[in-house]
Amino acid sequence: MNALPKKIRVDLELIAELVAPGSRVLDIGCADGTLIEHLFREKQCDARGVELDMQEVQRAVAHGLPVMQGDADTELVTYPDNAFDYIILSRTLQAVEKPREVLRQMLRIGTHAIVSFPNFGHWSLRLQLLTKGRMPMTAGWNRMWFETPNIHPCTISDFFALCEQDGYIVENWLAADEQGARTPWRRSRKLANLFGEQGLFLLRKA
Amino acid sequence: MAKRLYEAANAPKGCTAGAASAYPGAAMDQSPTLAEIQHQSVTFPGGLTLDCGRRLLEVTVAYRTYGTLNAAKSNAILLCHALTLDQYAAEQNPVTGKPGWWDIMVGPGKPIDTERYFVICSNVLGGCMGTTGPRSPNDDGSGQPHSGQPWGTEFPQVTVPDMVRAQKLLIDHLGISRLFAVIGGSMGGMQVLAWAALYPAQVFAAVPVATASYHSAQNIAFHEIGRQAIAADPYFYAGRYWSEGVRPERGLAVARMTAHITYVSEEALARKFGRKLQNAEGLSALGDQFAVESYLQYQGSSFVQRFDANSYLTITRAMDLFDLAADHNGVLSAAFKGTKTRFLLVSFSSDWLFPTAQSRAIARALNHVAANVSFVEVQSDKGHDAFLLDEPDFHHTLRGFLAGCAEHAGLV
């Protein structure tokens, strides 16, 4: 393992900024475990991961990271209440079978949930749908409707509405571009929903 | 060969020594008999109280070590062996003359690196390679341990936790207060789980491989065929075969043949043998026909040269009795409540004896108590035996897991 701080993806950097040092973290859909390694090295967190893809799991474990193979839809129910300080779900919510239930489980086993997802309300998607009448194709939404794993697209406004409906407090949120860099649409949800390519939310239970 | 076997079964009592030579491979295998080899061991005069309530007045544990124990005694890894293996994990086996059973995994620069770690492997309680078992003198409670005949089938029924308690005596004897890791596959994995449940503070990392938290009905059923085959052998003499100067080799060989089928996948058997014929002369039911038959017969015959039938009965029964959840009011996670141990569970995709679902159930039970758990299913077509074979994905995973744990344990 490399002890030097490594440069990680901008969107993961943004997520890491939301995590308090020394906390217990579960990263769902952790891929090769880049974020949990970063949280362990830079923030002394007890960070673990769950990943669906066995190749990624092996890569992570062979790198010395605690990762188990599993599915967000079925695995979260096996954890006890309040076992973690943060449950992270990065760019995965739109691909799970029951997003609402997954969110509910996240805020049961963790005191905070950090969720990021591609924003289907972005202007370019709206424009494509309006002008061509076909499902939009962009850098973020780049698979045909019949083969995309992203079966539950939502917009930033949709997500705010769900949080309100299910009683989650939005402690922090921001809109980001495709690479994950922060965008300036902080003041207006409507502008964020139009110009943000991704939404990033820090939630806790009411 | 099968025909000759059939005749041997009907041989008159007293026709003894020749029985083994009826097996192909036996002539090549001129290894000394089990009793002639001196194994490195330590004897604990305090004995051991067993799960069954009986007490062994003294216990001998035969073991081997590889690598060097560091000054802090913090780099020790205990390997737990499977049903018919032994303490010779990473060196030539003195009985069979073959390389150690985990030579591929344990050694300098290998995944379990003996340049970093001090590796210990002991023969299980109930075994026949120097640790107290059915071949040891019966202490019959008289207080004179060396007075008796071998225990034979009167050896108390030991359990997997009993095996672990005997290993704990050895670990204490070596002055090790915490094992860096406990690693084992199959029945070895059961021991790893028992270690983590019985002595959580003494196990920094646990690696149960290709195993389960209980022995399934199907697995018990396969074991029972083996035990019945041994019991039906006319040379078994109700377990007192040593007094007749014979061994129930036919029964033990059949037991091994049955078990061996469960260790491999259908795919591996098909690839290796398919429907290839061998020595097929005409059509007969008992003559050799298929290549897979002579392979199995070889597996059976080489096994009887190195293993004691009573040990086989005792250890298979110990596996059958294993049910970690049952020991904790039916709740598996209760066995690991509050554990700080770091776990790595590994299963193999074509293992139908200890399928992935069993490992996943253990991983979920560990999730229930928010334990630190990694879980990997390795793609392999080699069946249960894959954990002993060249599976690079498994080896990389274990090597990396240990390196990560070493960092957390402050072993640098």
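Mentor: The dialogue below takes helix packing, salt bridges and a surface patch in turn. Please bear in mind that this is a predicted model.

Trainee: At what angle do helix α4 and helix α5 of chain B pack, and how far apart are their axes?

Mentor: Two packed helices are described by the angle between their axes and by the distance between those axes. Here, helix α4 (residues 217–232) of chain B packs against helix α5 (residues 249–263) of chain B at about 165 degrees, and the axes lie 7 Å apart. Angles over 145 degrees count as roughly antiparallel, and α4(B) and α5(B) are therefore roughly antiparallel to each other. The crossing of α4(B) and α5(B) is right-handed.

Trainee: How many salt bridges does the structure hold over all chains?

Mentor: A salt bridge requires a side-chain nitrogen of Lys or Arg within 4 Å of a carboxyl oxygen of Asp or Glu. Over all chains, the structure holds 23 salt bridges. One of them pairs E37(A) with R41(A), whose closest N and O atoms are 3.3 Å apart. Both residues lie in helix α2 (residues 34–43) of chain A, four residues apart, or about one turn of the helix.

Trainee: Are E37(A) and R41(A) buried or exposed?

Mentor: Residues under 20% relative accessible area count as buried. E37(A), at 6%, is therefore buried, and R41(A), at 18%, is buried as well.

Trainee: Which residue forms a salt bridge with E75(A)?

Mentor: The partner of E75(A) is R360(B), with the closest N and O atoms 3.9 Å apart. E75(A) lies in helix α4 (residues 72–75) of chain A and R360(B) in helix α9 (residues 356–368) of chain B, so this pair joins two chains. Both E75(A) and R360(B) are buried.

Trainee: Which residues do salt bridges with shared partners join into one network?

Mentor: Let us begin with one pair. D320(B) and R317(B) meet in a salt bridge of 3.5 Å, N to O. They are three residues apart in helix α8 (residues 309–321) of chain B, and therefore about one helical turn separates them. D320(B) counts as buried at 9% relative accessibility, whereas R317(B), at 32%, counts as partly exposed. Through shared partners, salt bridges join E224(B), R227(B), R317(B) and D320(B) into one network.

Trainee: Which residues make the nonpolar surface patch?

Mentor: W123(A), L127(A), L130(A), L191(A) and F195(A) make a nonpolar surface patch of about 490 Å². Helices α6 (123–132) and α8 (189–195) of chain A each supply at least two of its residues, and α6(A) gives the most, with three. L191(A) is placed in helix α8 of chain A and counts as partly exposed at 37% relative accessibility.

Methods:
Residues numbered from 1 in each chain as written. Chains lettered and ligands numbered in written order. Predicted model: local features only at pLDDT ≥ 70, side-chain atom pairs only at ≥ 80, totals over all residues. Heavy atoms only, no water. Patch = residues over 30% accessible without salt bridge, like charges linked within 9 Å, V, L, I, M, F, W, Y side chains within 5 Å. Areas by Shrake-Rupley, 256 points an atom, 1.4 Å probe, with all protein chains shown as cover. Buried < 20%, exposed > 50% of the residue type's maximum accessible area, 1.4 Å probe, protein only. Axes fitted to C-alpha atoms, helices over the stretch in contact; angles between N-to-C directions. Parallel < 35°, antiparallel > 145°, perpendicular 65-115°, else oblique. Left-handed = near helix turned anticlockwise from the far one by under 90°.
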